[in-house]
Amino acid sequence: MSGAAPERDPGLQPERTRLAWRRTTLSSTVAAVLAVRTTLHGGVTVVSALACALCCLLWLGFLLVAHDRIRALSAPGRPRVLTARQATAATLCTVALAACATALVF
């Protein structure tokens, strides 16, 4: 027996995870676009403009985290672990984006 660790066989797990990040990014993009559309279509007020701007900032924050994860999962070898900071940022951006989009609808 050799002392070397066996080669890791990730199977399709990194690809599935990468595709899940892409789907979630697409969903948040749709929410941000709908927030802009709702703001412009319903008449621009200060509150709706601020909510729309917040939606766009949250979308950009999520996009940064998602792009970093997609790039890490596409790299050869074992992908680095999602940090607690990245997981928290992605979760907060997603929940806050949903809340802002809901506030714009009502």
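Trainee: What covers the buried residues of α3?

Mentor: In this predicted model, the cover over the buried residues of α3 includes α1 (13-41) and α2. The buried residues in question are Gln86, Ala90, Cys93, Leu97, Cys100, Ala101 and Leu104.

Trainee: How do you know that the buried residues of α3 line one face of the helix?

Mentor: Viewed down the axis of α3, the buried residues fall within an arc of 105 degrees, so they line one face. The face turned away from that buried side carries the exposed residues Ala84, Leu92, Val95 and Ala103.

Trainee: How do you know that the span of α3 agrees with its number of residues?

Mentor: Helix α3 covers residues 84-105, which is 22 residues. At 1.5 Å a residue these should span 32 Å, and the end C-alpha atoms are 32 Å apart, so the two values agree.

Trainee: What does the same test give for α1?

Mentor: The 29 residues of α1 should span 42 Å at 1.5 Å a residue; the end C-alpha atoms are 42 Å apart, and therefore the span agrees. Just after α1, Gly43 takes a positive phi of about 95 degrees.

Trainee: Which residues of α1 are buried, and what covers them?

Mentor: Pro14, Arg18, Trp21, Thr25, Ser28, Ala32, Ala35 and Thr39 are buried in α1. Their cover includes α2 and α3.

Trainee: Why is Thr39 called buried?

Mentor: Buried means under 20% relative accessible area. Thr39 has 5% relative accessibility, and so counts as buried. Beyond residues up to four places away in sequence, Thr39 touches Val44, Ser48, Ala49, Cys52 and Leu104.

Trainee: What makes the approach of the Thr39 side chain to the backbone oxygen of Ala35 a polar contact?

Mentor: A polar contact requires N or O atoms within 3.5 Å, one able to donate a hydrogen and the other to accept it. The backbone oxygen of Ala35 lies 2.9 Å from a polar atom of the Thr39 side chain, a distance within that cut-off.

Trainee: Why is Gly61 called partly exposed?

Mentor: Partly exposed lies between the limits of under 20% for buried and over 50% for exposed. Gly61 has 22% relative accessibility, and therefore counts as partly exposed. Gly61 is found in helix α2, residues 46-74.

Trainee: What makes the aromatic pair of Trp21 and Phe62 stacked?

Mentor: By the rule used here, the count comes to one aromatic pair. Trp21 and Phe62 are 5.8 Å apart, centre to centre, with 25 degrees between the planes.

Trainee: Which residues have the most contacts inside the largest nonpolar core?

Mentor: They are Trp21, Cys55, Leu58, Phe62, Ala90 and Leu104, in a core of 15 residues. Each of α1, α2 and α3 supplies at least two residues of this core, and the largest share, eight residues, comes from α2. In soluble globular proteins, nonpolar side chains tend to be buried together.

Trainee: Which residues is Leu104 in contact with, leaving aside neighbours within four places in sequence?

Mentor: Leu104 is in contact with Ala35, Thr38, Thr39, Ser48, Ala51, Cys52 and Cys55.

Terms used: Residues are numbered from 1 along each chain as its sequence is written. This is a predicted model: local features need pLDDT of at least 70, side-chain atom pairs count only at pLDDT 80 or more; totals for chains, interfaces and linings use all residues. Side-chain values use heavy atoms; hydrogens and water are left out. Helices (H or I, at least four residues) and strands (E, at least two) are DSSP runs, numbered from the N terminus. Buried means under 20% relative accessible area, exposed over 50%, partly exposed in between (1.4 Å probe, protein chains only). The expected span of a helix is 1.5 Å times one less than its number of residues. The arc is that of the directions from the helix axis to the C-beta atoms. Contact means heavy atoms within 4.5 Å. Rings of Phe, Tyr and Trp (its six-membered ring) pair if their centres lie within 6.5 Å; planes under 30 degrees apart count as stacked, over 60 as edge-to-face and the rest as tilted. A nonpolar core is a set of buried Ala, Val, Leu, Ile, Met, Phe, Trp, Tyr and Cys residues joined through side-chain atoms within 4.5 Å.
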